[in-house]
Amino acid sequence: MPELPEVEVVRRGLAKTLTGKSFDYTRLSNWKKLPDLARVADKPVLGVSRYGKNLFIDLGKYYLVSHLGMSGFYFKTDSLKGIKHGHLAVKYANKKWLVYCDPRRFGNFKLVKKRLVPEIAKERITEGVDHLMLGPDALVGFFNNRKAAILLAERFEENSPKMAVKTALLDQTCISGIGNIYASEILFRAAISPFKPIGELTAKQIAKLADFIPRVMLAAIESKGTTIKGANKYRTVGGKTGSFTNLLEAYGRDGQVCIRCKALGKKAPKIKRVVQNQRATYYCPRCQK
Ligand SMILES: [Zn+2]
């Protein structure tokens, strides 16, 4: 599933392609999740913003909110012939379209009146469920280090102290934008066990987490996100794969030695993979405490 870094890279591609153009769209399927777009036909696209994993295409009075779900992606094409799983095409130049495809159809679109979504309340636009309050954005909401640690401690206090820290990181109402790949990466880099209950995290560990959350997000955005063979088919709007895959230190590295323990010169243990809450978790059994 595309997580914050992938969605941010897609946002930049959409903004570059659509901003200043009129919203000249064609439906490519009768997918029910695509709202009636007649109200925004040919309206100018003023920009594209993001909150967590949600994209906001600014169409003046309305935002078209797009969530990529498990397998949604946008790409540019010169022809609308033979597109599999295509749902929406937006013409951005002569014989050039931006197409939304979603083979598994877990993605989501909403047309929302802008005045109902003041900047501060974007978090009320949801991951498919109405009025679910999303937590602070894992990038923008964590820019200030000292404040971020306080914010994170507050978010954790609102949940059960017994909740495992990895589960808390995946909970979009706690923090918005982190998914399964980056949760393992953030916890590995912060040297925190994914199973540690949030109520038992020390202040130092929370500060470390607050530091690594935006750092991992930024590093992944710089690499244009993570594309995993077979697991996700994520591509940028320009059709490129994400190369953060090469920088993963824990996710997908089960059976390989822990690079941190190895750097310390110890006989390094191997990265383990376990299923935690129905999701794969990767961690080092020695140095993540
Ligand atoms: Zn280790």
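Modeller: What follows goes through the sheet, then its helix, then the domain contact.

This is a predicted model, in which local features need pLDDT of at least 70 and side-chain atom pairs count only at pLDDT 80 or more, while totals for chains, interfaces and linings use all residues. Residues are numbered from 1 along each chain as its sequence is written.

Start with the overall layout. The sheet is open and has four strands, in the order β1-β6-β7-β5, with antiparallel pairing. Strands here are DSSP runs of E of at least two residues, helices are runs of H or I of at least four, and both are numbered from the N terminus. Two strands count as paired if DSSP finds at least two bridges between them. The edges are β1 and β5, each pairing on one side only. From one strand to the next, the twist averages 25°. Axes for such angles are lines fitted to C-alpha atoms, for helices over the stretch in contact; angles run from 0 to 180 degrees between N-to-C directions.

Now the pairs. β1 (residues 24–27) runs antiparallel to β6 (residues 86–93), joined by four bridges. Arginine 27 faces leucine 88 of β6 there. Next, β6 meets β7 (residues 96–101), again antiparallel, over six bridges. Alanine 93 is opposite lysine 96 in β7. The hairpin of β6 and β7 has two residues between the strands, and lysine 95 takes a positive phi near 55°. Last, β7 pairs with β5 in the antiparallel sense over five bridges. Tyrosine 74 stands opposite tyrosine 100 of β7.

α1 touches β5, β6 and β7, and its direction makes about 35° with that of β5. Contact means that the C-beta atoms of two residues, placed from the backbone, lie within 7 Å.

Then the wider setting. The chain is assigned domain 1 (4–124) and domain 2 (140–247). Such bounds come from an automatic or database domain assignment. Taken over C-alpha atoms, the domain centres are 26 Å apart. Domain 1 and domain 2 each give 18 residues to the contact. On the domain 1 side, α1 (4–18) and β5 (73–77) are the elements that give two or more residues. α1 supplies the largest share, nine residues. That side divides into nine nonpolar, four polar and five charged residues. Here Ala, Val, Leu, Ile, Met, Phe, Trp, Tyr, Cys and Pro count as nonpolar, Asp, Glu, Lys and Arg as charged, and the others, Gly among them, as polar.
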